[in-house]
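Let us walk through this model together, from the overall fold to single residues. Keep the viewer open as you read.

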Amino acid sequence: MPSSPPSEEQPLTPPSPSPADIKSPAQPTPAEPPDSSAKPSSGLISLCGGALFVSFFLPWVTFLGTKINGLDIGKNFSSYQLVWVMPILAALIFVLSVSRNDSWLIRVVAGLYPFAILVYAMDSLGVDLVGKLEFGAWLALVSGIALVFVPSGRKPTTPA
């Protein structure tokens with residue numbers, strides 16, 4: 001039997017597969033990259049929660065020539081003791097948003113809270129309060145609207 005030259009020899013064993021070709025059931029499948037759309041809305045939710053918190057300390061209304069903020073209202077008016085819930089909810093929204101936890105229900109409650117305070121004040125005082133609102137009140141109302149309507153940015157996960 002004539003032997004073929006070394007360059008024409010066929011390998012006796014097939015080439016070994018590359019590590020990428022080997023699939024083992026013990027190896028986890030690579031995770032999908034994180035959803036980048038959650039970042040902007042999470043940042044916006046954090047910003048709105050922070051703005052709602054800060055608005056508590058800014059002037060809400062001018063009363064007898066004095067600008068009164070949420071802190072003053074909570075301290076000096078016994079019928080407005082629930083006003084303290086607003087900065088607590090705002091801080092909770094901020095913390096949940098920064099930690100990337102879902103906070104939809106709490107966001108809705110916190111977002112509607114400034115409107116509840118405004119409606120209660122308008123009902124109890126019986127005056128056109130909207131014309132007397134200061135920057136802090138408007139900031140609270142705008143932040144509240146944003147907290148209610150900004151989507152969370154997370155897509156629902158479906159089981160595999």
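This is a predicted model: local features need pLDDT of at least 70, side-chain atom pairs count only at pLDDT 80 or more; totals for chains, interfaces and linings use all residues.

Residues are numbered from 1 along each chain as its sequence is written, and side-chain values use heavy atoms, with hydrogens and water left out.

**The fold and its confidence**

The chain has 5 helices and 2 strands; these are DSSP runs numbered from the N terminus, with helices being H or I of at least four residues and strands being E of at least two. Starting at the N terminus, the elements follow the order α-β-β-α-α-α-α. The mean pLDDT of the chain is 79, and 70% of its residues reach 70 or more; pLDDT is the predictor's confidence in each residue, from 0 to 100. Confidence is lowest in α1, at a mean of 84, and highest in α5, at 94.

Of the 160 residues, 31% count as buried. Here buried means under 20% relative accessible area, exposed over 50%, and partly exposed in between, using a 1.4 Å probe and protein chains only.

**The hairpin**

β1 and strand β2 (residues 66-69) pair in the antiparallel sense over 4 bridges, where pairing calls for at least two DSSP bridges between two strands. The two strands form a hairpin with 2 residues between them, and Leu64 in the turn has a positive phi of about 55°. Val61 stands opposite Ile68 in β2.

**The largest pocket**

The largest pocket has a volume of about 440 Å³. On a 1 Å grid over the protein atoms alone, a pocket is an open set of points with protein on both sides within 12 Å along at least five of seven lines, a cavity is a set where a 1.4 Å probe fits but cannot get out, and lining residues have an atom within 4 Å of a point. Grid points are joined across faces, edges and corners, and the volume is the space filled by probe spheres set on them. Of the 21 lining residues, the closest to the centre are Val61, Ile73, Ala121, Leu125 and Leu129. The elements that give two or more residues to the lining are β1 (59-63), α4 and α5 (135-149), and α4 supplies the largest share, 5 residues.

The lining divides into 19 nonpolar, 1 polar and 1 charged residue. Ala, Val, Leu, Ile, Met, Phe, Trp, Tyr, Cys and Pro count as nonpolar, Asp, Glu, Lys and Arg as charged, and the others, Gly among them, as polar.

| Residue | Relative accessibility | Class |
|---|---|---|
| Ser46 | 11% | buried |
| Ser55 | 0% | buried |
| Ser99 | 39% | partly exposed |
| Arg100 | 41% | partly exposed |

Ser46 is found in helix α1, and Ser55 is in that helix (residues 38-55). Leaving aside neighbours within four places in sequence, Ser46 is in contact with Phe94, Ser97 and Val98. With residues up to four places away left out, Ser55 touches Trp60, Met86, Gly136, Leu139 and Ala140.

Arg100 is found in the loop between α3 (85-98) and α4 (104-125), and Ser99 has its place in the loop between α3 and α4. The phi of Arg100 is near 60°, a positive value in a residue other than glycine. Ser99 and Ser42 are 57 residues apart in sequence and 9.4 Å apart in space, C-alpha to C-alpha.

Notes
Contact means heavy atoms within 4.5 Å.
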